[in-house]
There are 2 protein chains.
Amino acid sequence: MANSKLYKGSLNTIILKLLDEGEKMYGYEITQKVKEITKGELKITEGALYPALHKLEAEGLLDVEVKKVDNRLRKYYKLTDQGVREKTNRLAELEEFIRNMEQLVNPKWSIN
Amino acid sequence: MANSKLYKGSLNTIILKLLDEGEKMYGYEITQKVKEITKGELKITEGALYPALHKLEAEGLLDVEVKKVDNRLRKYYKLTDQGVREKTNRLAELEEFIRNMEQLVNPKWSIN
DNA sequence: AAATATACATAATTTTCTTATGCATAAGAA
DNA sequence: TTCTTATGCATAAGAAAATTATGTATATTT
């Protein structure tokens, strides 16, 4: 993953969200998509990505389908029903996290 | 630190920001302040906080001043000059991180 | 022909946190 | 008055999640 340590812990959420968006994707495609969306600022490393995908699959959040394209293997992942539900939770947590961080960085007073 | 793994990696940035805001603070005060700002959603654990403070001090980003208040010790931390500069960097990184995450979660098309 | 891109994978190590302790004083509740 | 909670510090063991370093293999570009 990229330079800043801030991304630690957000990889699973990113994966679930991308798979919800674009239907099925394969690992390498995910790395490229993230690089594109963040304009090169976030580069997911393979050492982080593939174990994460395997773990999400083992947890029942992803299904895999292997295909051979141009004589090269691709493992397409998609969300299971459980994965869709979990994705919703993770996104809610992410938005709460972002709100909290923004409040810490740039506090708006509460009424009290 | 709190439940969600998303906060991993953001503790140092939080500390630097709070110390920039409120001048000097001691450890316990930081935990309470964060709890207050996030309305109890983020609870910094001592096992994470104190080592982080020691590390920031060792890196030359924080200065310490020990005081005895009500017969109890307090270690007041404040930013060094280097700490102020580093804080600026970390906050910029945080804002970039938040922008990237928002872009991943809710993409706005680029013009291309 | 060599370098880069595509595509997967895993092992060793590092970073960062959680959980579990430990010590000590002050304040409030039973 | 005793027990619990709050205040205030600290460290050690373990888990989680990443980085870095490899490894294999094919396709494409230089």
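Visitor: What makes β1(A) and β3 of chain A a pair?

Guide: Two strands pair if DSSP finds at least two bridges between them. β1(A) and β3 (residues 72-79) are joined by 2 bridges, in the antiparallel sense, so they meet that definition. One bridge links Y26(A) to Y76(A). A word on the source: this is a predicted model, where local features need pLDDT of at least 70, side-chain atom pairs count only at pLDDT 80 or more, and totals for chains, interfaces and linings use all residues. Residues are numbered from 1 along each chain as its sequence is written, chains are lettered from A and ligands numbered from 1 in the order written, and side-chain values use heavy atoms, without hydrogens and water.

Visitor: Why is β1 of chain A called a strand?

Guide: Strands are DSSP runs of E with at least two residues, numbered from the N terminus. β1 of chain A covers 25-26, so it qualifies.

Visitor: How do β2(A) and β3(A) pair, and over how many bridges?

Guide: They pair in the antiparallel sense over 8 bridges. D63(A) has K78(A) as its partner in β3(A). The two strands form a hairpin with 2 residues between them. D70(A), in the turn, has a positive phi of about 55°.

Visitor: What is the strand order in the open sheet, and why are β1 and β2 of chain A at the edges?

Guide: The order is β1-β3-β2 (chain A), with antiparallel pairing. β1 and β2 each have a single partner strand, so one side of each lacks a neighbour in the sheet.

Notes:
Helix = DSSP H or I, 4+ residues; strand = E, 2+ residues; numbered from the N terminus.
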